Amino acid sequence: MPKVSSEYFEAKKQEILDAAYRVALRKSVSSMTLMDVREEAGMARGAIYRYYNNLDEILAALVVKINKDNLYMEEVDKIFSKSDKLSPAKLLKKLCDFMYSYLVSTELDVITLSLQFDVFFIHEPERVLKMISETEGYESSFSYLMTSFQNYIKHESKAGNLHPVMPVKKLLDYLFSVYEGIMLQYTLDVKAGTNDYDAKASVNALYRTMLALLEVEKE
């Protein structure tokens, strides 16, 4: 193969990622194949291997790209950096307000792919964990949020301000599975164009659930 510039090489990799993005939206992450991506990118048979070794390498790069394009770690830091100035009820309200604003301000395609990757993880956890472990320096904003929230709950529980009714890990798994359900309903409603689903009301219900599971009085 003749030598190519690093700019050309990276541009081709980006073309492949863009093609994978389109295929995933059309066909789903779980069912897409390397051939689907190659054909979408308009590449000759075997040419794709100059840039990626396999489909999982492409998917891992796609996850990293989506995460980098939609970072919200700074917003998470802003919320929890005020933990010593806000009551637990007010901080949880700020957290839920952020979760709602993220839902309605993020591109629908990004939310769709995030949900697809979650389903992919459920069906093939070992494969996904291997993909993530081989991705250098990867940390998702969602993982960062989970860790920050977990640390907050543990700290405030020791201070006697929170009283989780179940182990923290299980509590967080439950709360964020509820949030994913809200994301799914919102996505389906927007795509259907029915406007029947009240995402704001659902997030407010999630807020009340947080208060109950952490035994915090609403203010």
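Buried means under 20% relative accessible area, exposed means over 50%, and partly exposed lies in between, all with a 1.4 Å probe and the protein chains only.

A quick word on the ground rules. The model is predicted, so local features need pLDDT of at least 70 and side-chain atom pairs count only at pLDDT 80 or more, while totals for chains, interfaces and linings use all residues. Residues are numbered from 1 along each chain as its sequence is written, and side-chain values use heavy atoms, with hydrogens and water left out.

## Overall build

The protein has 10 helices and 0 strands; helices (H or I, at least four residues) and strands (E, at least two) are DSSP runs numbered from the N terminus. Along its principal axes, the C-alpha trace spans about 65 × 40 × 30 Å. Of the 219 residues, 38% are buried. Among contacts (heavy atoms within 4.5 Å) with a separation of 6 or more, 70% join residues 24 or more positions apart. The protein exposes about 12400 Å², and carbon and sulfur atoms supply 52% of that area, with accessible areas taken from the Shrake-Rupley method with a 1.4 Å probe, where for residues only the protein chains shown count as cover.

## Two pockets

Rolling a probe the size of a water molecule over the atoms shows where empty space is left. A pocket is an open set of points on a 1 Å grid over the protein atoms alone, where a 1.4 Å probe fits, with protein on both sides within 12 Å along at least five of seven lines; lining residues have an atom within 4 Å of a point. Grid points are joined across faces, edges and corners, and a volume is the space filled by probe spheres set on the points.

The largest pocket holds about 1100 Å³ of space. Its lining counts 39 residues, and D118, Y138, S140, F142 and S143 lie nearest the centre. Helices that each supply at least two lining residues are α3 (55–69), α5 (88–105), α6 (108–123), α7 (125–133), α8 (141–158) and α9 (168–192). By class, this lining has 26 nonpolar, 8 polar and 5 charged residues, where Ala, Val, Leu, Ile, Met, Phe, Trp, Tyr, Cys and Pro count as nonpolar, Asp, Glu, Lys and Arg as charged, and the others, Gly among them, as polar.

The second largest pocket holds about 290 Å³. Residues lining this pocket include N54, D56, E57, R127, K130 and E134. Both α3 and α7 supply at least two residues each, and α3 gives the most, with 5 residues. Here the classes come to 4 nonpolar, 2 polar and 6 charged residues.

## Salt bridges

Side chains of opposite charge can pair when their charged atoms come close. A salt bridge is a side-chain nitrogen of Lys or Arg within 4 Å of a carboxyl oxygen of Asp or Glu, and the structure holds 11 of them.

| Salt bridge | Closest N and O atoms |
|---|---|
| R26 with E40 | 3.1 Å |
| K27 with D36 | 2.7 Å |
| K169 with D173 | 2.9 Å |

R26 forms a salt bridge with E40. Because R26 lies in helix α1 (residues 6–27) and E40 in helix α2 (residues 34–41), the pair ties together parts that are 14 residues apart in sequence. R26 is exposed, with a relative accessible area of 57%, whereas E40 is partly exposed at 25%.

In the pair of K27 and D36, K27 is partly exposed at 38%, while D36 counts as buried at 17%.

K169 and D173 both lie in helix α9, 4 residues apart, about one turn of the helix. K169 is partly exposed at 48%, and D173 is partly exposed with a relative accessible area of 35%. Salt bridges that share partners also join R22, R26 and E40 into one network.

## Two loop residues with positive phi

S28 has a phi near 95°, a positive value in a residue other than glycine. S28 is found in the loop between α1 and α2 and is partly exposed, with a relative accessible area of 22%.

N195 is not a glycine, yet has a positive phi of about 55°. N195 sits in the loop between α9 and α10 (199–213).
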